[in-house]
Amino acid sequence: MDKHKCKYFEARNTLHVLLEVFCLSFRNLMRKMVWGLKFLAVGIALFVDFCSSAPDSCLEERQRLKSQVRKLENRVMVQQQLIQELRNGNTISLHGRGDENIDLGARTQYADCAEIYNDGNRRSGIYKIQPQKSPNEFQVYCDMTEGGGWTVIQRRTDGNENFERSWSDYKGGFGNIHGETWLGNDKLHYITSQKNYILKINLADFEGEQRSALYKEFKVGDEESSYQLSFGQYSGTAGDALSGSYHPEVQWWASHNGMKFSTYDRDNDRYEGNCAIEDKAGWWFNRCHSANLNGYYYKGPYTAKTDNGIIWYTWHGWWYSIKTVIMKIRPAEFEPNAV
């Protein structure tokens, strides 16, 4: 396969560095609190023991102090659990989610999950929306975490769904909205043509690490444009694989910005062959990709004739397939209502 592989020069994102510094400081503070609570609990326990040999006048005070010891022990346990969660990097849940169908009735027509959130609905789950240009309403999964109002457009979790699909499948959408799914290119166009949207991609690998990428001005064209992709500035911790900005000499073939959508039966890429066939996915291929989140579901490192896994090059390269992916969008001007 005619692809230019280049060495990736890793650069820490400033936001990621600040987050690491914050987490380190917070962990140290939590450790000091835990030791302080332990010291106080020991002191109280010693005082209780002293009172146990004193006259009966100490009985009431002993009971009160024993109750305080139990409360302090519980607080220590909670603080230790929080420290362990911080050590494990469990800052974003990519797996736990509410899957209930939430019926809001026919009172209001919502254009996206942001409108649902700002109408006072704060539970993550499955809702119905109808964007302005859509002829029909349809179900979406609304992620009300990370500030709320996110419309989920793609999810990969376990490999149960086949993403090597036809043009018509990607046009209308497929999968299980409770699990692995592609919302549909027509629906992506209807939503993103309403206003300015941002795209957030949450990624997790098989070692429990998590990364994210956020792109401004995310938009998908109509079918006449072959669902052409456009997006703006990147920020995040996963690296900018979608625009190929990690090295200026590769952007001409690695950038997905401005690319048309391709499937095995509709070849719109810039490669002499068919990227969708070789990489087992429908995607906005160039020649062919440095990001392919619809690739074949391997479990971490893999070997194959082509780099056809679930790829985010700037994090794990071409030969490691990501475990969990969530792609979701929200209006750029979104501000949560205080309801």
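User: What do the side chains of Lys328 and Glu146 do?

Analyst: They meet in a salt bridge, at 2.5 Å from N to O. Keep in mind that this is a predicted model.

User: Where do those two sit, then?

Analyst: Lys328 is in strand E14, residues 324-331. Glu146 is in the loop between E2 and strand E3 (150-156), so the pair ties together parts that are 182 residues apart in sequence.

User: Lys328, buried or exposed?

Analyst: Buried: Lys328 has a relative accessible area of 0%.

User: Which residues are linked with them in a network of salt bridges?

Analyst: The network links Asp143, Glu146, Lys200 and Lys328.

User: And why would side chains like that pair up at all?

Analyst: Opposite charges can pair when the charged atoms come close.

User: OK. How many salt bridges does the structure hold?

Analyst: Eleven salt bridges. One of them is between Glu161 and Arg165, whose closest N and O atoms are 2.8 Å apart.

User: Switching to cysteines. How many disulfides does the structure hold?

Analyst: Two disulfides. One joins Cys113 to Cys142, with S to S at 2.0 Å.

User: Which parts does the pair of Cys113 and Cys142 tie together?

Analyst: Cys113 lies in helix H3 (residues 113-117) and Cys142 in strand E2 (residues 138-143), so the link ties parts that are 29 residues apart in sequence. Cys113 is buried, with a relative accessible area of 0%, and Cys142 is buried at 0% as well.

User: What's the handedness of that one?

Analyst: The link of Cys113 and Cys142 is left-handed, with -75° about the S-S bond.

User: And the other disulfide, which cysteines form it?

Analyst: Cys275 and Cys288, with their sulfur atoms 2.0 Å apart. The torsion about their S-S bond is about -85°, so this disulfide is left-handed.

User: Where in the chain are Cys275 and Cys288?

Analyst: Cys275 lies in helix H7 (residues 275-278), and Cys288 lies in the loop between H7 and strand E10 (291-292). The pair therefore ties together parts that are 13 residues apart in sequence. Cys275 is buried at 0%, and Cys288 counts as buried at 0% too.

User: What's the pairing if I number the bonded cysteines in sequence order?

Analyst: It reads 1-2, 3-4.

User: Zooming out, what does the secondary structure come to?

Analyst: Eight helices and 14 strands. The chain has 339 residues, and 49% of them count as buried.

User: How about contacts, what share comes from residues 24 or more positions apart?

Analyst: They account for 58% of the contacts in the chain with a separation of 6 or more.

Key: Residues are numbered from 1 along each chain as its sequence is written. This is a predicted model: local features need pLDDT of at least 70, side-chain atom pairs count only at pLDDT 80 or more; totals for chains, interfaces and linings use all residues. Side-chain values use heavy atoms; hydrogens and water are left out. Helices (H or I, at least four residues) and strands (E, at least two) are DSSP runs, numbered from the N terminus. Buried means under 20% relative accessible area, exposed over 50%, partly exposed in between (1.4 Å probe, protein chains only). Contact means heavy atoms within 4.5 Å. A disulfide is a pair of cysteine sulfur atoms within 2.5 Å. A salt bridge is a side-chain nitrogen of Lys or Arg within 4 Å of a carboxyl oxygen of Asp or Glu.
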